[in-house]
Amino acid sequence: MDTALEAADGKDLLILGATIAEQCIDAGLVDETLIHVAPTLLGDGIRLFGRPGKQIDLDPISVSRSGRLTNLRFTVAR
């Protein structure tokens, strides 16, 4: 993360992957999250926030659509 933040030089950083995103949220490095909801049910994969009993509060910013996707933008509550 240090290398990526330095390379971003103050600009936004895109984090992909459920376990990486969860680690970054745990470390307090995430200000905002964008979740794309697709109208497809999957029977396999890694849960975005999969630890039982863990709660991450989000404050909604916007909801939009792009084709069949619904885009949900949130800030991570501190």
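Here are some notes on the predicted model above, point by point.

1. **Ground rules.** This is a predicted model, so to speak of a local feature a pLDDT of at least 70 is needed, side-chain atom pairs count only at pLDDT 80 or more, and totals for chains, interfaces and linings use all residues. Residues are numbered from 1 along each chain as its sequence is written, and side-chain values use heavy atoms, with hydrogens and water left out.

2. **Overall layout.** The chain has two helices and three strands, in the order α-α-β-β-β from the N terminus. Helices here are DSSP runs of H or I with at least four residues, strands are runs of E with at least two, and both are numbered from the N terminus. The C-alpha trace spans about 35 × 30 × 25 Å along its principal axes. Of the 78 residues, 14% are buried (buried is under 20% relative accessible area, exposed is over 50%, partly exposed is in between, with a 1.4 Å probe and protein chains only).

3. **The largest pocket.** Its volume is about 850 Å³. A pocket, on a 1 Å grid over the protein atoms alone, is an open set of points where a 1.4 Å probe fits, with protein on both sides within 12 Å along at least five of seven lines; lining residues have an atom within 4 Å of a point. Grid points are joined across faces, edges and corners, and the volume is the space filled by probe spheres set on the points. The lining has 24 residues, with Leu 13, Leu 14, Ile 15, Glu 32 and Thr 33 nearest the centre.

4. **What lines it.** Helix 2 (18-26) and strand 1 (32-37) each give at least two residues to the lining of the largest pocket. Strand 1 has the largest share, with five residues. By class, the lining splits into 15 nonpolar, four polar and five charged residues (nonpolar: Ala, Val, Leu, Ile, Met, Phe, Trp, Tyr, Cys and Pro; charged: Asp, Glu, Lys and Arg; polar: the others, Gly among them).

5. **The salt bridge.** The criterion is a side-chain nitrogen of Lys or Arg within 4 Å of a carboxyl oxygen of Asp or Glu. Glu 32 sits in strand 1 and Arg 73 in strand 3 (residues 69-76), so the pair ties together parts that are 41 residues apart in sequence. The structure holds one salt bridge. Both partners are partly exposed, Glu 32 at 39% relative accessibility and Arg 73 at 30%.

6. **Leu 13 and a surface patch.** Leu 13 is in the loop between helix 1 and helix 2, and at 33% relative accessibility it is partly exposed. Together with Met 1, Leu 5 and Leu 29, Leu 13 forms a nonpolar surface patch with about 310 Å² of accessible area. Patch members have over 30% relative accessible area and no salt bridge, and nonpolar side chains (Val, Leu, Ile, Met, Phe, Trp, Tyr) are joined within 5 Å; the areas come from the Shrake-Rupley method with a 1.4 Å probe, and only the protein chains shown count as cover for residues. Leu 5 belongs to helix 1 (residues 2-8) and is partly exposed at 39%.

7. Asp 9 is worth checking by eye: its phi is positive, about 50°, although it is not a glycine. Most residues other than glycine have a negative phi. Asp 9 is also in the loop between helix 1 and helix 2, and it is exposed at 65% relative accessible area.

8. **The second largest pocket.** This one has a volume of about 220 Å³. Its lining includes Ile 35, His 36, Val 37 and Ala 38, along with Gly 45 and Ile 46. The classes come to five nonpolar, four polar and one charged.

9. **Two loop residues.** Gly 67, in the loop between strand 2 and strand 3, is exposed at 62% relative accessibility. Its C-alpha is 9.8 Å from that of Ala 38, 29 residues away in sequence. Ile 56 is in the loop between strand 1 and strand 2 (58-66) and is partly exposed at 22%. Ile 56 and Gly 45 are eleven residues apart along the chain, with 20 Å between their C-alpha atoms.

Definitions and conventions. Patches are made of residues with over 30% relative accessible area and no salt bridge: like charges are joined within 9 Å, nonpolar side chains (Val, Leu, Ile, Met, Phe, Trp, Tyr) within 5 Å.
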